[in-house]
Amino acid sequence: PVTMERGEWRAMDNVVVVTDGSGSTYADQSFPTAKALSQATVAALPEKSARAKSSTYNAGNIGFGGDARVGEVVAPFDRARLRAGVDATHVMGRIDGGGGDTPLHRVLGEVEAQLAGKPGPAAVVLYTDGEVHCAKTTVEAARSLTASHPDGVCIHAVRVGNRPGGEQVLRDVVAAGSSCGSYRTAADLGSPGALSQFVHGVMVGQAPAAPSAPPPTTPSAL
């Protein structure tokens with residue numbers, strides 16, 4: 001798990017890790033990368049005991065392909081539960097094992113529903129190739145997700161594979177969220193240090209400085 005430096009704390013109260021197990025990730029053999037990065041992300045999330053902005057710490061994950069879903073709903077942070085949800089992720093959507101389409105717009109809507117009523121800022125980490133069912137509805141779903149959560153949603157998209165048009169779709173999805181989001185490729189996270197730095201940037205922020213002690217007072221002479 002990432003650690004806090006002096007003057008830092010966990011700034012995100014909610015986090016959702018989304019893993020693309022659609023047919024295009026199967027065809028391009030990029031699914032193993034998406035799953036491995038999701039597993040590493042869960043392993044790197046801050047501990048419950050880490051210094052935090054608030055006592056709220058919720059997490060969940062969604063693996064998807066076509067209409068199929070696996071994962072754990074957003075609930076109080078439990079690393080073992082999250083890891084089990086990510087470990088269960090596989091190529092989904094067709095009975096022949098080839099995977100279905102990429103309805104990322106519906107998945108973002110499901111994230112929106114799971115975050116409803118949960119206070120505090122949220123981070124959504126997407127591991128996907130960006131080959132979506134419909135680019136326009138996907139961006140609209142990201143915008144709706146952000147608008148529905150008054151404490152802010154930071155969308156971090158990590159592109160796996162090299163599907164044409166995937167980069168622009170994911171950049172547009174990130175832009176539809178709060179300004180705290182980011183876009184990267186899987187290659188950018190190709191080392192443990194880079195992955196740890198990424199998760200640190202997603203989850204950790206600067207804590208306000210402690211108030212300085214008032215200067216000592218000197219009794220006035222009578």
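**Salt bridges, central strands and nonpolar cores**

The side chains of Asp-96 and Arg-94 form a salt bridge, with N and O 3.0 Å apart. A salt bridge is defined here as a side-chain nitrogen of Lys or Arg within 4 Å of a carboxyl oxygen of Asp or Glu. Asp-96 is exposed, at 54% relative accessible area. Arg-94 is partly exposed, at 47%. The cut-offs are under 20% for buried and over 50% for exposed, with partly exposed in between (1.4 Å probe, protein chains only).

The model is predicted: local features need pLDDT of at least 70, side-chain atom pairs count only at pLDDT 80 or more, and totals for chains, interfaces and linings use all residues. Residues are numbered from 1 along each chain as its sequence is written, and side-chain values use heavy atoms, leaving out hydrogens and water.

Under the salt-bridge rule, the count is ten. Side chains of opposite charge can pair when their charged atoms come close. Asp-67 sits in the loop between β3 (58-65) and β4 (68-76), and Arg-106 in helix α4 (residues 104-115), so the bridge ties together parts 39 residues apart in sequence. Helices (H or I, at least four residues) and strands (E, at least two) are DSSP runs, numbered from the N terminus. Asp-67 is exposed at 67%. Arg-106 is partly exposed at 33%.

A further salt bridge joins Asp-28 to Arg-163, with the closest N and O atoms 2.7 Å apart. This pair links distant parts of the chain, 135 residues apart. Asp-28 lies in the loop between α1 (23-27) and α2 (31-44), while Arg-163 lies in the loop between β6 (153-159) and α6 (166-176). Asp-28 is partly exposed, with a relative accessible area of 34%. Asp-28, Glu-131 and Arg-163 are linked in a salt-bridge network. The loop between α1 and α2 also holds Gln-29. Gln-29 is not a glycine, yet has a positive phi of about 60 degrees. Gln-29 is exposed, at 67%.

Strand β5 (residues 122-128) is largely enclosed by the rest of the structure, because seven of its seven residues are buried. Both faces are covered. Ala-122, Val-124, Leu-126 and Thr-128 lie on one side; Ala-123, Val-125 and Tyr-127 lie on the other. Strands pair if DSSP finds at least two bridges between them. Six bridges join β5 to strand β2 (residues 14-20), and the two run parallel. Val-16 has Val-124 as its bridge partner in β5. Seven bridges join β5 to β6, again in parallel. Leu-126 is partnered by Ala-157 in β6. The chain passes from β5 through helix α5 (residues 135-148) to β6 in a right-handed β-α-β crossover. Right-handed means that, with the strands pointing away from the viewer, the path from the first strand over the helix to the second runs clockwise.

The largest nonpolar core has 28 residues. A nonpolar core is a set of buried Ala, Val, Leu, Ile, Met, Phe, Trp, Tyr and Cys residues joined through side-chain atoms within 4.5 Å. Leu-45, Tyr-127, Leu-195, Phe-198, Val-199 and Met-203 touch the most other members. Elements giving two or more residues are β2, α2, α3 (79-87), β5, β6 and α7 (192-203). The largest share, five residues, comes from α7. Leu-195 touches Leu-37, Ala-40, Thr-41, Ala-44, Tyr-127 and Leu-189, not counting residues up to four places away in sequence. Contact means heavy atoms within 4.5 Å. A second, separate core of 23 residues includes Leu-115, Val-132, Ala-142 and Ile-155.
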